Amino acid sequence: MTRQLKHSSVQSSSASRFSIHFPPLREDIASHRIAIVIIIMATLGSVLLPLAAVFAFTVPSHCFRTLTGASFTHRNITERAILRKTAEVCQDIAAVNGDPFDLIIDDSLTPEQVVQACSPSASVVSSVAFTNAIVDIYLSNADVDFLFALNAEYHFYNETFEMGRTLITRGVSAVKDSTDMGNFITARSVLGEVLHTLQDFYSHSNWVELGNTAPYDALITPALPLENLAGPTVPTCRNCIGDDCTDNILPAVLDGGLLTSGYFNRFFPNKPEGKCSDGGPLDMTSTQEPVGGINKDTFDSRHGFLHQEAADLALTASLDLLESIRICVGDQDFLRLVGLSFAPVLCFVIDTTGSMGPEIAEVRRVSNSIVASRLGTGLEPPFYILVPFNDPDFGPVLQTTDATFFMEQINLLTASGGGDLPEFSLSGLRLALTAAPRFSDIFLFTDAPAKDAVLRSAILALIANTRSTVTFMLTDVLSFRRKRELEGLAPRIVTQAQAELYREIALASGGLTIEVPNSDLSMVTIVIEDSIAIAVVTVFQDVKNPGAPCNFSFFIDDTLSNITILLTGTPSLTFTLRSPTGATQTSSEVSEPLASFSLAGNFRRLRLNNDSETGLWEISVNSTDPYSVKVIGQSSLDFIYNLVEIQDGVSTDFFRQEGRPISGGNLSLLVTLTRSDGVSVTQVSLLNTLDGTEVNGTLQPVTDSNYVATFSNVTEGTHVVVLRGTTSSLTSRMTPGSFQRQAPTQIRTSNIVVNALPNTTIIEAGSSVTIPFTVALTNGGVIDGGAMETFTVSVTNDRDFPVTSPSTVTIGADSGGLASGTVTLTAPEDALSGTDVTLTIAAEDAAAVNSNDVVLRFSVFRVSDIAPPVCLANTSSGCPADESLCKYFVWDFTANVTDGINGTDVEITILEGNGTLETSTEVGPDGEIITVVSYTASCCANRVVLSAVDNAGNVGRCVGQADEVDVMPTTEWNVVVKSNQVCFRGSRVFVAK
């Protein structure tokens, strides 16, 4: 069911919209692009999103500060919760395996420390995937203040407790289902949103003022009632005395334990009589009696004296929510959800038409080699992805954590069909890009051009969104035609012009286009092992098209190992490699003194002989044909970046920027290091790939590992991000402490702005989501209010869900330079819960010169089994109070567990305890399946925690503990269930009674 946004105090008539006075827009399009869209939509009378994001982008945040500031922030709370819970999971796994775990779990943890402690190997590890997952989650958290700024239930304003809890429980269910399906990117996005709403409860309600020191379990446990809610007519506050709001909650509310929250409205002062206001700086209701508020977002808030307590409870509640997800999905899937992996995924997209037999055989060989070398080491890929394509079929996506099953599926691939030349290569690639984690390496094998070149814009948008690198293995490009004909095979040929599309995609992603006869394919697939090695970083990369002789220099630092130079170019290409000491090696020398060298097709690979020779290296390339140079190595020191929009400087909020940045406008990057100890970032720059000019950004540190780099008047074209810095660990044989890294993915600017604002990120199966969007032209980085243009609109999704959209949109007169339209996406009735769908909306100008796009992800949710298993706990014996006697006694715990009539089997596992568990099943009087649980343990371990999971994934915990009884051993004692802790899915819950 599509959720309609509710605004309890905002008037909805057209007249009232036109009477609102909007804050003036700065000329910084990056800061107010969405605000412009929403203002225009509001004045046009949109009923789906009236004014929804004006607040978020024209004023500072109204919740826990999202990223920065002296007070505790959503970022602080979210990151700390993820780091602590992940470390706890690793600690528990280590205890089960009998492995040491020495990490101290507290609020000072860093991603690198957690990855290192959890790693099964002492070798170099990378925290890129883990760091990126954390950043994704807390940026999604921040997005709530943008997408749902005026939706009270997302912030627990206006006493919307039932609606807020529904958002949390439905969202957690979607996270669990998406994780079960392996759709981790979407699961992280929803998790960030849910955590924001949960954390806001403690800042915006009076839970802390009521003296509570533990989280409100009912928020994540739908079976528990929301109790003692202040009724809609019950007064809750009195006036603050000037700026002093320490005593503004009515004594009757506090004495009666009534739960309330502050009312908030940016545009109107109205609120129910006698109710508390939120009282933030933008809350107009705080000017109406009772004046003031109860907000605890910062130390400077109306109730800022309780900010510490609110933040502490928000952190504990976040930990509880993460624990509930962990119990439901299991430890390994929880670690995948938070991005904790020690190796990249292995992802192949492969043409299975009749001529591809040799290529399929080589994929089998490479896969077997990788799997055999890593299986059982703890460093195997976290999962494997295989996407076949043919004509007219492509897919389905195989995504598995089982290496043996993956190999079985590759071995089942056969080459057949494909009578005409072009194939659906980009359709297969799109499936891989949406299935693989961000920053993945994807390898596509084909000997045919793309039949679906219409997907070019969608592919480029997905690459920009996922930062994944695509490498094409092209066999039978035109230059290899003769060899194929001599072998008696049909002349399936990719011409140089047709290969150009593949080169463009590879270039945009930072990948390679390797062109080789299929007989030499085994000589170039080593690049796969190079790319998916542990902790691979890009030191330097450049492309010359058209070709020209050029000297390229790059720093090698002493954190790097296995340094490899990859070149592509025509056979006439020559090079000279020069070390920091002045030693040289030319392309005519296949080995010594500097590197080993191999050549096949258009691909050249150099592996440096001496990793310890740090300093400034140089490679001089001589070719008049297009060529590429890429330098990679292994290091724990790397970085990721996200395009963000800054509101009023870095002292307030960041929001994720979707789509391509605007030519001539300002650009802000949130740069995150994967290692911060002893590392200092000195420069973040944008390198224009067309003319080679490099512009340094203005740097401002946010934390030890986070920096904001701001660029003004970004030039038109394509750019890559280059990071330079120093670290105290480097030797003195180079410029003191210097290192450099380069992001592979290109940033392409545009003079078109595309904005889309869905009213939800979760779609119920069988329902639709409506996505209003706008398109505009810019001039000098600002929207051109006088422009007249018709844009071609292209809307695609990777699940082929039904979608409706206009084919064109036009900027109308008096529209402020904006063209608007609406996309409707429908999830089929039979769509599985947890299915994710990636929607791309692209717009192109009439001249087909400029374009831009936005990528949106949605999670499908369906209500199925919502009945919880029920545990009826019985007991038979207890333990002596004298602990010195515990080794002489045992205690028993018994329970009957059932999922009810028409329920499913229940799986029982021990979460805590080292006793013996036995289960059996019987049929109850009404035909229900009953699982009989018997647990026996030493009295030295007098506590047990059991989980019960039904087939629908509903999970709970039952905690039992033996009574302490000071009597003789022959006496039997009772076991008491001390507490109930629950894990839920939707409104499903398991409760011990």
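**Helices and strands in a predicted model**

Tutor: Start with one residue pair in this predicted model. Ile 565 stands opposite Leu 606 in S13.

Student: What makes S9 and S13 a pair?

Tutor: Two strands pair if there are at least two bridges between them. Strand S9 (residues 561-568) and strand S13 (residues 603-608) have 5 bridges, so they pair. The sense is antiparallel.

Student: Which sheet holds S9 and S13?

Tutor: An open sheet of 5 strands, in the order S7-S15-S9-S13-S12. The pairing is antiparallel.

Student: Why do S7 and S12 stand at the edges?

Tutor: Each has a single partner strand, so one side of each is left without a neighbour in the sheet. S7 covers 536-544, and S12 covers 595-600. From one strand to the next, the twist averages 15°.

Student: Which residues make the contact?

Tutor: From H12, they are Val 363, Arg 364, Ser 367, Asn 368 and Val 371. From H13, they are Ala 403, Phe 406, Met 407, Ile 410 and Asn 411. They divide into 6 nonpolar, 3 polar and 1 charged.

Student: How do you know that the span of H10 is close to the expected one?

Tutor: Set the two values side by side. Helix H10 (residues 307-329) has 23 residues and reaches 33 Å from its first C-alpha to its last. At 1.5 Å a residue, 33 Å is expected.

Student: What makes H10 mostly covered?

Tutor: Buried means under 20% relative accessible area. In H10, 18 of the 23 residues are buried. Just after H10 comes Gly 330, with a positive phi of about 95°.

Student: Why is strand S18 called mostly covered?

Tutor: Use the cut-off again: buried is under 20% relative accessible area. In S18 (residues 667-673), 7 of 7 residues are buried, so the strand is mostly covered.

Student: How do you know that both faces of S18 are covered?

Tutor: Check each side. Leu 667, Leu 669, Val 671 and Leu 673 on one side are all buried. Ser 668, Leu 670 and Thr 672 on the other are buried too.

Student: What makes S18 and S22 a pair?

Tutor: At least two bridges are needed. S18 and strand S22 (residues 706-711) have 6, in the antiparallel sense. Leu 670 stands opposite Val 708 in S22.

Methods
Residues numbered from 1 in each chain as written. Predicted model: local features only at pLDDT ≥ 70, side-chain atom pairs only at ≥ 80, totals over all residues. Heavy atoms only, no water. Helix = DSSP H or I, 4+ residues; strand = E, 2+ residues; numbered from the N terminus. Expected span 1.5 Å × (residues − 1). Buried < 20%, exposed > 50% of the residue type's maximum accessible area, 1.4 Å probe, protein only. Contact = heavy atoms within 4.5 Å. Nonpolar A, V, L, I, M, F, W, Y, C, P; charged D, E, K, R; others polar. Axes fitted to C-alpha atoms, helices over the stretch in contact; angles between N-to-C directions.
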